[in-house]
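Take a look at the structure below.

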Amino acid sequence: MKTYVDLPAELVTERLRLRRWVPSDAEEFRGLWLERDPRVPAARRIDAEGRPTVEDVRSWLIDNPLTAAPGLGLLAIELRDTGEFIGYCGLTVGQGSFDEPEIAYELARRAHGHGYATEAARAVLEAAIRTGRRRLWATVREWNTPSFRVLEKLGFHRSDRIDEDSEHGDSIWMTRVLDPR
């Protein structure tokens with residue numbers, strides 16, 4: 001099995017700081033669940049009983065603060081100038097693999113339309129190159145036009161793989177071969 005450099009615990013861009021999760025992020029992270037599009041599968045939205053609760057999320061962040069496999073991770077995103085939490089971005093096995101992980105990101109609605117997703121994902125993409133990986137994947141629901149725009153700006157293209165889902169919208173597999181530096 002090939003070994004890789006770990007994804008850094010912190011990445012800094014012109015406007016953003018991507019960092020490890022802390023338990024105090026639980027309320028904001030849960031807030032992302034509340035904002036999710038109703039077409040997102042129910043397992044990724046707040047259920048009728050109000051789960052996950054803030055305490056559930058806090059427990060996740062304590063048990064696995066990177067919410068990913070060792071060496072990978074989803075990092076909380078905050079604005080550098082204010083420290084305001086706006087979402088997360090990082091690498092996870094997700095529907096990919098440890099060798100070819102999935103890039104994932106989600107931002108609070110108030111942070112949409114400012115280029116933050118592209119900025120954060122570009123920092124993670126550059127860090128992924130430094131880990132020694134050769135390819136990244138992303139899965140995007142066919143209706144999520146803004147995510148397609150972000151990925152296309154970063155050089156991702158559609159693969160031939162589509163996971164059909166008539167209820168929630170097909171998942172389109174996007175990929176990007178990485179050029180090691």
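How many aromatic pairs does the count come to? The count comes to seven aromatic pairs. Rings of Phe, Tyr and Trp (its six-membered ring) pair if their centres lie within 6.5 Å; planes under 30 degrees apart count as stacked, over 60 as edge-to-face and the rest as tilted.

This is a predicted model, where local features need pLDDT of at least 70 and side-chain atom pairs count only at pLDDT 80 or more, while totals for chains, interfaces and linings use all residues. Residues are numbered from 1 along each chain as its sequence is written, and side-chain values use heavy atoms, with hydrogens and water left out.

**Aromatic pairs**

Here are two of the pairs.

| Pair | Centre to centre | Angle of planes | Class |
|---|---|---|---|
| Trp21 and Phe85 | 5.8 Å | 50° | tilted |
| Trp33 and Trp60 | 5.7 Å | 45° | tilted |

Trp21 lies in the loop between β2 and α1, and Phe85 in strand β4, so their pair ties together parts 64 residues apart in sequence. Helices (H or I, at least four residues) and strands (E, at least two) are DSSP runs, numbered from the N terminus. Trp33 sits in helix α1 and Trp60 in helix α2, so this pair links parts 27 residues apart in sequence.

Trp21 is buried at 4%. Phe85 is buried at 6%. Trp33 is buried at 11%. Trp60, at 35%, is partly exposed.

Trp21 and Phe85 also belong to one aromatic cluster with Phe29 and Tyr88.

**Cores**

A nonpolar core is a set of buried Ala, Val, Leu, Ile, Met, Phe, Trp, Tyr and Cys residues joined through side-chain atoms within 4.5 Å. The largest one has 36 residues, and Leu18 and Phe156 have the most contacts inside it. Helix α3 gives the most to this core, with 10 residues. A second, separate core has 13 residues, including Phe29 and Ala104.

**A cis bond**

Most peptide bonds are trans. Arg51 and Pro52, however, are joined by a cis peptide bond, with omega about 0°. Pro52 is in the loop between α1 (26-35) and α2 (54-63).

How values were computed. Buried means under 20% relative accessible area, exposed over 50%, partly exposed in between (1.4 Å probe, protein chains only).
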